[in-house]
Amino acid sequence: MDSYLDAIEEIKELADAEEIHRVDDVSIYLERFTELDLIATGIYAEVYEVPGEPDKVVKVCSSKIDGYYLFARWCMRPENQDNPHVPTIHREDTIELSSGRVVRFYVIERLDDISDDGTEPTRPSHFHDDDFGKLWGTLRTMTLPFADPNKPFNDQVQSADEFVEQIQEPRPHFYMSSNERKPVVIDDEVIDDHAALLKTLFDVLSFIDDHGVMDLHGGNYMLRGDTIVITDPISHKYAKEAPLNLPN
């Protein structure tokens, strides 16, 4: 972790001296002057490997509207830290640039992609577990409408039990194969096998409903061994956020 901590300290000093002004300057500094290696980029974040720490990555978030930090801090609450279905976040560091932009750094456990070929998992066939693949298709069909901030999740689903009832409601969805013309029904055994994940997903969706826009596509789930982990379920934060009771 020394290389990461050194980089954070140096970037803070440069920001205080107003030698780093822009978000791009942070990325350039990390690429040129540190030992951290860029391994992934997204719309709102970059991910770096940490030398000597094969089980950790650093996620760098700089967007004004990205709500990842809300989910990260939710994961860091004491009651959520032992939940196997959310990522372990070891630390958060923040740096404010002279422009007023805040860059957030998260040291997170390293997880594996769900699909073997690296593509975003959007169909049941992408999943190693066929039963979970069918559950995933139903989950996505059910939760997709709540990506619209005008469709509040908590107005329609008030409990984890009601969440499960809606998941098990027979419904046709767009992941059925051409030769399967009947709605998918998720068996009780599959629900029982994934009860902890479904309870976590309900809690996450309930939290997001108050703070931002849901973004639960296939690329925002990953694996720790055979365990499904919800990694980044929130996209845009709301302009006016409800107060958070978060650890110091």
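# A walk through a predicted fold

The largest nonpolar core has 48 residues, and the members touching the most others are Leu 135, Phe 163 and Ile 167. Helix 8 (residues 195–211) supplies the largest share of this core, with 8 residues. Keep in mind as you look around that this is a predicted model.

Setting aside neighbours within four places in sequence, Phe 163 is in contact with Leu 139, Met 142, Thr 143, Phe 153, Val 157, Leu 198, Leu 201, Phe 202 and Leu 205. There is also a second, separate core of 20 residues, and Tyr 4, Ala 7, Val 23 and Val 26 are among them. As a general background, nonpolar side chains tend to be buried together in soluble globular proteins.

## Two helices side by side

How do helix 4 and helix 8 lie relative to each other? The axes of helix 4 (residues 130–143) and helix 8 come within 13 Å and cross at roughly 20 degrees. An angle under 35 degrees counts as roughly parallel, and therefore helix 4 and helix 8 are roughly parallel to each other. Their crossing is right-handed. On the helix 4 side, Phe 132, Leu 135, Leu 139 and Thr 143 meet Leu 197, Leu 198, Leu 201 and Leu 205 of helix 8.

Is Phe 132 buried or exposed? Phe 132, a residue of helix 4, has a relative accessible area of 2%. Buried means under 20%, so Phe 132 is buried. Beyond its neighbours within four places in sequence, Phe 132 is in contact with Phe 127, His 194, Leu 197 and Ile 228. The chain also brings Phe 132 and Asp 193 to a C-alpha separation of 9.3 Å, although they are 61 residues apart along the chain.

## The open sheet and its helices

An open sheet is formed by 5 strands in the order 1-2-3-5-4, with antiparallel pairing. Its edge strands are strand 1 (37–41) and strand 4, each pairing on one side only. On average, neighbouring strands of this sheet are turned by 25 degrees against each other, direction ignored. Strand 1 pairs with strand 2 (residues 45–50) in the antiparallel sense over 4 bridges, and Leu 38 stands opposite Tyr 48 in strand 2.

|---|---|---|
| Helix 2 (residues 23–33) | strand 2, strand 3 and strand 5 | about 40 degrees |
| Helix 3 | strand 3, strand 4 and strand 5 | about 45 degrees |

Helix 3 (residues 68–75) is mostly covered, with 7 of its 8 residues buried. Those buried residues are Tyr 68, Tyr 69, Leu 70, Phe 71, Ala 72, Trp 74 and Cys 75. They pack against strand 3 (53–61), strand 4 (89–96), strand 5 (102–109), helix 8, strand 8 and strand 9 (234–237).

## A hairpin to finish

Strand 8 also takes part in a hairpin. Strand 7 (residues 221–224) and strand 8 (residues 227–230) pair in the antiparallel sense over 4 bridges. Tyr 221 has Ile 230 in strand 8 as its bridge partner. What lies between the two strands of the hairpin? There are 2 residues between strand 7 and strand 8, and Gly 225 in the turn has a positive phi of about 65 degrees.

Note on methods: Residues numbered from 1 in each chain as written. Predicted model: local features only at pLDDT ≥ 70, side-chain atom pairs only at ≥ 80, totals over all residues. Heavy atoms only, no water. Core = buried A, V, L, I, M, F, W, Y, C linked by side-chain atoms within 4.5 Å. Buried < 20%, exposed > 50% of the residue type's maximum accessible area, 1.4 Å probe, protein only. Contact = heavy atoms within 4.5 Å. Pairing = 2+ DSSP bridges. Axes fitted to C-alpha atoms, helices over the stretch in contact; angles between N-to-C directions. Parallel < 35°, antiparallel > 145°, perpendicular 65-115°, else oblique. Left-handed = near helix turned anticlockwise from the far one by under 90°.
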